[in-house]
Amino acid sequence: MSFATKQRLLLGLAVIMMLVPTIFYSAGLLGRAPLFEGDTRKEMTCITCDGLGRTGKEESCPSCRGRGVADFIIPGPNRPVQLVGTVKDSAGQPVKGAEVRARQAEGDQTEVLLESNQDGQFGIKLPPGAYVISVAVEGKGSVSESLLIEPQTEPIPARGAETLHKFEKEFLLAK
Ligand SMILES: [Zn+2]
């Protein structure tokens, strides 16, 4: 095998390697959002960029990658919502290491234990329903809140970093 042939083979290989993510992408194998019972998936005009293909100055739209159309998930009644809670003390400062307990308000009341991070935040995926979230911090107080997570109907990009609707809530500790 001549040097030139070897070089051409290597170049060919490099091109194929570069194409691999594209092939996976078009086959839908990368970053595919999970589907939940009742969800439907359909190709529609991109809602992130309004079908323009870009969101800012010459920036390719992350949801449709510049195509203007993309696969979206139409949420079903069971698609979970990402609860992002922030624990704050009476002075309004985020509290790290808070003990968080989440349970359904009715039925199976098994508790899920969580802890707030250094920004005072915690996250949990909750299917639509009624919940009770209890937060306690030694010496700083506690709070218990009832939460109703409603099913979300807004379409969500089928591929992307965020594939669940977010529900943000603050938990203010009281002594
Ligand atoms: Zn788009």
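**Notebook: strands, cores and confidence**

I started at V100 and found that its bridge partner in strand 7 is V135. Strands here are DSSP runs of E, at least two residues long, and helices are runs of H or I of at least four, both numbered from the N terminus. I noted that the model is predicted: local features need pLDDT of at least 70, side-chain atom pairs count only at pLDDT 80 or more, and totals for chains, interfaces and linings use all residues. Residues are numbered from 1 along each chain as its sequence is written.

**Sheet**

I looked up strand 4 and strand 7, which run antiparallel and are joined by six bridges. Both belong to an open sheet of four strands, ordered 5-4-7-8, with antiparallel pairing. Two strands count as paired if DSSP finds at least two bridges between them. Strand 5 (112–115) and strand 8 are the edges, each pairing on one side only.

**Cores**

I then listed the largest nonpolar core, which has nine residues: V87, V95, A98, V100, A102, F122, I133, V135 and F171. Strand 4 (99–104) and strand 7 (129–137) are the elements that give it two or more residues. Such a core is a set of buried Ala, Val, Leu, Ile, Met, Phe, Trp, Tyr and Cys residues joined through C-beta atoms within 7 Å. A residue is buried with 20 or more other C-beta atoms within 10 Å of its own, exposed with 12 or fewer, and partly exposed in between, the C-beta atoms being placed from the backbone. I also found a second, separate core of eight residues, including C49, F72, I73 and A158.

For V100, I left aside neighbours within four places in sequence; its contacts are G85, L114, E115, S116, F122, I133 and V135. Contact means C-beta atoms, placed from the backbone, within 7 Å.

**I149**

I checked I149 in strand 8 (residues 141–149). I149 has 16 other C-beta atoms within 10 Å, so it is partly exposed. Its C-alpha atom is separated by 6.3 Å from that of A130, 19 residues apart along the chain. Beyond four places in sequence, I149 contacts V81, L126, P128, G129, Y131 and F167.

**Whole protein and confidence**

I counted one helix and 10 strands. Of the 175 residues, 16% are buried. Mean pLDDT, the predictor's confidence in each residue from 0 to 100, is 86, and 85% of residues reach 70 or more. Confidence is lowest in helix 1 (residues 3–26), at a mean of 60, and highest in strand 7, at 97. Over residues 21–30 pLDDT stays under 50, and the model has four contacts beyond four places in sequence for them.

Conventions
Two residues are in contact if their C-beta atoms, placed from the backbone, lie within 7 Å.
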